Amino acid sequence: MASEITSTEYIRHHLTNAAMCNTENGIAFNKACSEAGFWVWHIDTLAWSIGLGFLFLMLFRSVAKKATTGVPGKMQAFVEMVVDFVDSNVKDTFHGKNKLIAPLALTIFVWVFLMNLMDLVPVDLLPWIAGQIGATGFGMDPHDVYMKVVPTTDLNMTFALAFGVFFLIIFYSIKVKGFGGFMKELTFQPFNHWAFIPVNFILEFVTLIAKPMSLALRLFGNLYAGELIFILIAMLGLWQLPLHFPWAVFHILVIVLQAFIFMMLTIVYLSMAHEDH
Amino acid sequence: MNINATLIGQLIAFAVFVLFCMKYVWPPLMAAIEERQKKIADGLAASERAEKDLQIAQEKATEQLKEAKHQAAEIIEQAKKRAAQIVEQETERAHEERNKIVASGQAEIDAERNRAKEELRKQVATLAVAGAEKILARQIDAAAQSDIVEKLVAEL
């Protein structure tokens, strides 16, 4: 860490996204965007998440194209293991017929895992490189170059995933049960009497809204906290060496677990959406 | 909390990734996995079938071997019996042959003796007649005295 800035500034610097927005003077970045309201783009989140998404799809696509039915190579065996793992989870939980859910679960699992994995890259490395590039290439102050490399520590990322799943929950609820059926589910449960309609609606609506909220906030909270602890450890000077390693090892578990939980809950919610009471 | 336009960008990216995965990644991988699973299942079934076949063949072979041994024993038994029978038959035949030969020899001997006897008798008769002729030194009607001669001959 640089000595001329305080710890608060250091932490804040690490937890701020690189922002881009459109102002009257053309495209502006970072601090210039503080007044831009909703129309701000977190370019680091976008770049890393889309880059990792491409990495995932290219990798799996290249294996899928060359997939043999005979003895698989090591890469193919690995990819097949992941696919088979996701597939067996989907088959255990979801019993209907739906061509979307398994690829959706695979995408969520691998993509979220890759984005979480960025957490294991030393917290200063990529922001420092970005700072150097910004300083030498564009003549910026390195402290003004923001780079948050873990997209899942950005609420926009986790909410985008959760809203995507939420949209599918509503879509399949209406598709399977019809709009009336969906409304009935919202208003006649758990108390099947017309007098309880408002109470039922409040209960069920909260349940429904809680699904994407909990999905997004769980992933965000876990990764944000993990990232924050990495940052705090990084401020300890020499003491970070013995501390960083166990936290990273422990974090490997968190990374996989959060990706798995997100995938599993997606499957469970969608399978609930398919159930006709 | 700073929710902003990034959310929309991520939503679009998410949708595109899922669609791409659904169209181009999942089906070929799943097809390959299922194909291989089918192959392995077929192979296992085939090996099981082969094992069963082998067992049946082994059982058959054992049975055939047993039968062959049984048959061989039977054949040997028969052959022994037949050999004994042949030996017995041959002994009997040889006995018969010997008896026949002995009997025919005996008959021949008897006939020869009888013939010799007859010859001797005739010669003795002639000799007696000649002797009598000479003794009597006289012309005797041989025919008239032949009954005496006959009696003589019979006494021999």
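Leaving aside its neighbours within four places in sequence, with which residues is Trp111(A) in contact? In this predicted model, the partners of Trp111(A) come from both chains: Ser49(A), Leu52(A), Gly53(A), Leu106(A), Met157(A) and Leu161(A) on the one hand, and Gln10(B), Ala13(B), Phe14(B) and Phe17(B) on the other. Trp111(A) is also listed, together with Phe60(A), Val83(A), Leu106(A) and Leu161(A), among the residues with the most contacts inside the largest nonpolar core, a set of 71 residues. Two or more residues are given to this core by each of the helices α2 (43-66), α3, α4 (101-117), α5 (125-138), α6 (155-187), α7 (197-234) and α8 of chain A, and likewise by α1 (6-136) of chain B. The most is given by α6(A), which supplies 13 residues.

Chain A comprises 8 helices and 3 strands, and from the N terminus on its elements follow the order α-β-β-β-α-α-α-α-α-α-α. The C-alpha trace of chain A extends over about 65 × 55 × 40 Å along its principal axes, and of the 277 residues in the chain, 45% are buried. When contacts in chain A between residues at least 6 apart in sequence are considered, 69% of them link residues at least 24 apart.

Within this arrangement, helix α3 (residues 74-93) and helix α8 (residues 240-274) of chain A have axes that come within 10 Å of one another and cross at roughly 35 degrees, and the crossing of α3(A) past α8(A) is right-handed. On the α3(A) side the contact is formed by Phe85(A), Val86(A), Asn89(A), Val90(A) and Thr93(A), and on the α8(A) side by Phe260(A), Met263(A), Met264(A), Ile267(A), Val268(A) and Ser271(A). Classified by residue type, this contact contains 8 nonpolar and 3 polar residues, with no charged residues.

Helix α8 of chain A also carries His251(A), which counts as buried because its relative accessibility is 1%, under the 20% limit. Beyond its neighbours within four places in sequence, His251(A) is in contact with Asp119(A), Leu120(A), Asn222(A), Leu223(A), Gly226(A) and Phe230(A). Leu161(A), by comparison, is placed in helix α6 of chain A and is buried, with a relative accessible area of 0%. Residues up to four places away in sequence being left out, Leu161(A) touches Trp111(A), Val112(A), Met115(A), Leu219(A) and Phe262(A), and from the other chain Phe14(B). The C-alpha atoms of Leu161(A) and Ala248(A), which stand 87 residues apart along the chain, are separated by 25 Å. Met140(A) occupies the loop between α5 and α6 of chain A and, at 33% relative accessibility, counts as partly exposed. Its contacts, not counting residues up to four places away in sequence, are with Gly134(A), Ala135(A) and Val145(A).

The interface between the two chains involves 31 residues from chain B and 50 residues from chain A. Between them, chain B and chain A bury about 3500 Å², of which 77% is on carbon and sulfur atoms. Of the area that chain B buries against chain A, 21% is supplied by Phe14(B), Phe17(B) and Trp26(B), more than by any other three residues. Two of these, Phe14(B) and Phe17(B), are among the contacts of Trp111(A), and Phe14(B) is also touched by Leu161(A).

Leaving aside its neighbours within four places in sequence, Thr6(B) is in contact with Val40(A), Trp41(A), His42(A), Thr45(A), Leu46(A), Asp154(A) and Asn156(A). Between the C-alpha atoms of Thr6(B) and Val16(B), which are 10 residues apart along the chain, the separation is 15 Å.

Terms used
Residues are numbered from 1 along each chain as its sequence is written. Chains are lettered from A and ligands numbered from 1 in the order in which they are written. This is a predicted model: local features need pLDDT of at least 70, side-chain atom pairs count only at pLDDT 80 or more; totals for chains, interfaces and linings use all residues. Side-chain values use heavy atoms; hydrogens and water are left out. Axes are lines fitted to C-alpha atoms, for helices over the stretch in contact, and angles run from 0 to 180 degrees between N-to-C directions. Helices (H or I, at least four residues) and strands (E, at least two) are DSSP runs, numbered from the N terminus. A crossing is left-handed if the near helix is turned anticlockwise from the far one by less than a right angle, and right-handed if clockwise. Contact means heavy atoms within 4.5 Å. Ala, Val, Leu, Ile, Met, Phe, Trp, Tyr, Cys and Pro count as nonpolar, Asp, Glu, Lys and Arg as charged, and the others, Gly among them, as polar. A nonpolar core is a set of buried Ala, Val, Leu, Ile, Met, Phe, Trp, Tyr and Cys residues joined through side-chain atoms within 4.5 Å. Buried means under 20% relative accessible area, exposed over 50%, partly exposed in between (1.4 Å probe, protein chains only). Buried area is the accessible area (1.4 Å probe) that two parts lose on being put together, summed over both.
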